Amino acid sequence: MQQQKYKTINTATELDNKNFEEIKLKTLFRPLFHISPPHGLLNDPNGFCYFNNQYHLFYQWFPFDTYHGMKHWMHLSSNDLLTWSEHGSKITPLESYESHGAYSGGAVVENDRSYLFYTGNVKRGDERDANQCLAILDKNNQVTKHALNPVIESVPQGYTGHVRDPKIVKRGSHYFMLLGAQREADLSGEIIVYQSPDLLDWEFKGTLDIQVNGDFLDAYMYECPDLLEVDGHDVLIFSPQGVTADGTRFHNKFNVIYCLGQVNFEQLTFTVSHWDELDRGFDFYAPQTMANAPEKQTLIAWAGTDEHLPSEQQGWINCLTLTRELTVENNRLIQRPNIINSDSLIKQHGYQLNHQGVELESLSFSLEVNNLSNEKNITISLQTQSGKELTLTINNNTITLDRALYDHHTQDWEYGNKRQHQTDYDINNIHFICDQSIIEIYINDGRDVFTCLFFPEQENHQLTISTEKGADLDTQLTYLTI
Ligand code: FRU
């Protein structure tokens with residue numbers, strides 16, 4: 001039943017609106033402090049920026065159903081990155097240059113405005129085309145499409161219609177637009193670059209040569225490129241499609257890579273000093289970093305890539321991760337959840353967890369386990385009487401997250417139910433942040449992160465920690481709400 005696939009929110013009927021209101025009231029699986037759509041489907045974060053003394057965030061939104069249909073840009077704003085006001089669709093694809101959706105893109109803040117770049121997705125029969133478009137967010141919170149749209153019409157020669165997800169960076173007095181692209185000759189993924197003196201007039205420069213040997217370069221498409229500076233390093237982030245598994249890496253349908261190094265826009269090169277998977281869990285894709293970040297560089301991502309999740313029965317699907325502060329330490333990208341110290345987060349009943357475990361009062365909680373250096377083997381488990389179980393095991397620097405007994409896939413899941421990573425450092429602390437149907441696990445203050453969805457029915461959950469030596473651990477369990 002996809003007859004509503006290319007419909008915009010402006011055509012919602014009274015009946016649609018009534019359904020939307022009913023969906024909003026349903027609480028099963030709904031995170032309390034992670035962003036989820038009021039109804040319909042959410043995917044990539046877009047237009048993330050600090051502008052006019054507020055944080056602004058948009059996301060890819062199909063309001064009518066839980067499949068990928070006509071994409072709108074839902075707008076949210078916040079003072080603290082935790083509580084968000086929802087403003088509805090601010091880029092609604094009504095023009096011929098975006099006839100099949102306002103696809104992803106990023107913001108750049110200049111001249112008292114936030115310039116929101118996005119891809120106008122166009123389909124003609126089986127053919128696809130892409131236009132790069134601009135909309136302006138002003139100080140009255142209005143978003144207006146630019147009269148010169150599309151600012152880049154169609155795709156450069158030699159590329160298929162898969163050219164999308166503009167992210168703009170400013171270097172010197174020039175703006176550079178990075179786009180995910182696919183080459184026509186061999187259908188391989190690339191990042192391409194345009195340059196502009198004024199954000200309106202764009203000249204195609206060519207392909208960004210990522211100078212590293214890695215099988216991940218053999219993707220059929222790169223999506224959502226991002227580039228920023230963190231602690232003196234250039235950081236290139238992208239979401240390749242079609243990479244093959246490599247050891248414990250790339251076990252998801254689509255994966256995300258970060259490279260530390262140096263960009264050179266004259267030569268169109270990115271020299272890589274280190275690269276890795278950005279998140280080691282099951283559900284993490286299409287991250288975007290904040291433009292004009294007032295303090296620390298910050299990233300947010302779509303927690304997912306699955307086509308179907310149990311929440312679709314409730315009329316909505318997918319959520320975003322927490323926003324994560326980025327730093328570079330010892331040539332590694334570190335991600336820390338920035339809301340966790342926020343005053344707006346209400347924290348109740350902080351207490352220590354003993355070996356008996358605890359029956360949880362709520363599935364929105366934080367569990368910190370510190371001083372692990374003397375315990376080489378530890379298991380943290382979230383389980384129910386009916387046999388559902390999610391476990392995180394640390395065994396001599398091998399971290400395993402096992403979702404086999406909490407799998408929500410209706411068929412065998414081709415990528416398996418365990419995610420594993422062997423660290424090259426000793427593990428000292430684990431921070432588990434759970435919010436109804438999403439868990440983010442931060443190891444050693446964000447040195448590695450695992451993002452994982454799970455779909456608990458209304459059942460009680462036990463949280464237990466067991467260790468080989470039975471050492472007294474320094475644990476802190478805190479219920480979280482906003
Ligand atoms: C990534 C992506 C982008 C595209 C958007 C469409 O998840 O496929 O490349 O712009 O989603 O919703």
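1. UniProt positions are given in the numbering used here, and its annotations may be inferred rather than shown by experiment. With that in mind, the UniProt record, an unreviewed entry, places the feature "domain: Glycosyl hydrolase family 32 C-terminal" at residues 358–472. The structure discussed here is a predicted model.

2. Within this model, the span of residues 358–472 is 52% strand and 0% helix, and its end C-alpha atoms lie 16 Å apart.

3. The largest pocket has a volume of about 560 Å³, and its lining is made up of 28 residues, with His68, Lys71, Tyr103, Arg164 and Glu223 lying nearest its centre. The elements that contribute two or more residues to this lining are the strands β1 (40–51), β7 (113–124), β10 (159–171) and β15 (221–230).

4. Cys224 is in no disulfide, because the nearest cysteine sulfur, that of Cys259, is 15 Å away, whereas the cut-off is 2.5 Å. Cys259 is likewise in no disulfide, its nearest cysteine sulfur being that of Cys224, at 15 Å.

5. Are these two cysteines, Cys224 and Cys259, buried or exposed? Cys224 is buried, with a relative accessible area of 8%, and Cys259 is also buried, with a relative accessible area of 0%; the cut-off for buried is under 20%.

Terms used:
Residues numbered from 1 in each chain as written. Predicted model: local features only at pLDDT ≥ 70, side-chain atom pairs only at ≥ 80, totals over all residues. Heavy atoms only, no water. Buried < 20%, exposed > 50% of the residue type's maximum accessible area, 1.4 Å probe, protein only. Helix = DSSP H or I, 4+ residues; strand = E, 2+ residues; numbered from the N terminus. 1 Å grid on protein atoms, 1.4 Å probe; cavity = no way out; pocket = protein on both sides within 12 Å on 5 of 7 lines; lining within 4 Å. Points joined across faces, edges and corners; volume = space filled by probe spheres on them.
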